[in-house]
Amino acid sequence: MDIKDIQNLIKFVSKAEVSEVKYKTKDFEITIKTPLAGSDAVYAQPAVYHTAPQAVAAPAPVATPAALAVEKTEAASDDSKYVTIKSPMIGTFYRKPSPDKDVFVNVGDDVSVGKVVCVIEAMKLFNQIESEISGKIVKILVDDATPVEYDQPLFLVDPS
């Protein structure tokens, strides 16, 4: 577990409004305690027993800088007018409320403030994610039933 995973766990615990979470493996133990009074303070006390050496993956081949610059410029110009709906938590992204139901939204659908656009399952709890803006869904950025991170873009919305 690296520092980014620990930070994400702390953010998740603070939003879940639980008082204490313990996570323990053979090599690692962490306890996260939050005050019950609703304060924003979060305390993490990691205790590392020993760490096994980790293999470092070889770097992936990188495209030429000129090609990357062209792709980034095109993406920035196309997406700059859109507003992103981001994940408020870590979990598994679902487009449907249940397997036998229809999806919440499709590309081209109009959404308004408060409309449920997806569900994120975290620790066996299914959290409905509502749109914070009105507009038209332009792009769905995440595949159904895939893990998402905190603040990961889920949808692009055209507010015009």
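Ser87 is buried, because its relative accessibility is 2% and buried means under 20% relative accessible area, with exposed over 50% and partly exposed in between (1.4 Å probe, protein chains only). The residue sits in the loop between β4 (83-86) and β5 (91-94). Helices (H or I, at least four residues) and strands (E, at least two) are DSSP runs, numbered from the N terminus.

A polar atom of the Ser87 side chain lies 2.5 Å from the backbone oxygen of Met89. Setting aside residues up to four places away in sequence, Ser87 touches Ile120, Val148, Glu149, Tyr150, Asp151, Gln152 and Leu154. Contact here means heavy atoms within 4.5 Å.

This is a predicted model: local features need pLDDT of at least 70, side-chain atom pairs count only at pLDDT 80 or more, and totals for chains, interfaces and linings use all residues. Residues are numbered from 1 along each chain as its sequence is written, and side-chain values use heavy atoms, with hydrogens and water left out.

Met123 counts as exposed, because its relative accessibility is 61%.

| Residue | Loop | Relative accessibility |
|---|---|---|
| Ser87 | β4 to β5 | 2% |

Four strands form an open sheet in the order β8-β7-β5-β10, with antiparallel pairing. β8 (125-130) and β10 (146-148) are the edge strands; each has a single partner strand, so one side of each lacks a neighbour in the sheet. From one strand to the next, the twist averages 40°. Axes are lines fitted to C-alpha atoms, for helices over the stretch in contact, and angles run from 0 to 180 degrees between N-to-C directions.

Strand β7 (residues 116-122) pairs with β8 in the antiparallel sense over 6 bridges. Two strands pair if DSSP finds at least two bridges between them. Val116 stands opposite Glu130 in β8.

The whole chain has 2 helices and 11 strands. Its elements run α-β-β-β-α-β-β-β-β-β-β-β-β from the N terminus. Of the 160 residues, 25% are buried. Among contacts with a separation of 6 or more, 49% join residues 24 or more positions apart. The chain exposes about 11000 Å², and carbon and sulfur atoms supply 54% of that area. Accessible areas come from the Shrake-Rupley method with a 1.4 Å probe; for residues, only the protein chains shown count as cover.

Terms used
Polar contact = N/O pair within 3.5 Å; in protein donor to acceptor, adjacent residues only side chain to side chain.
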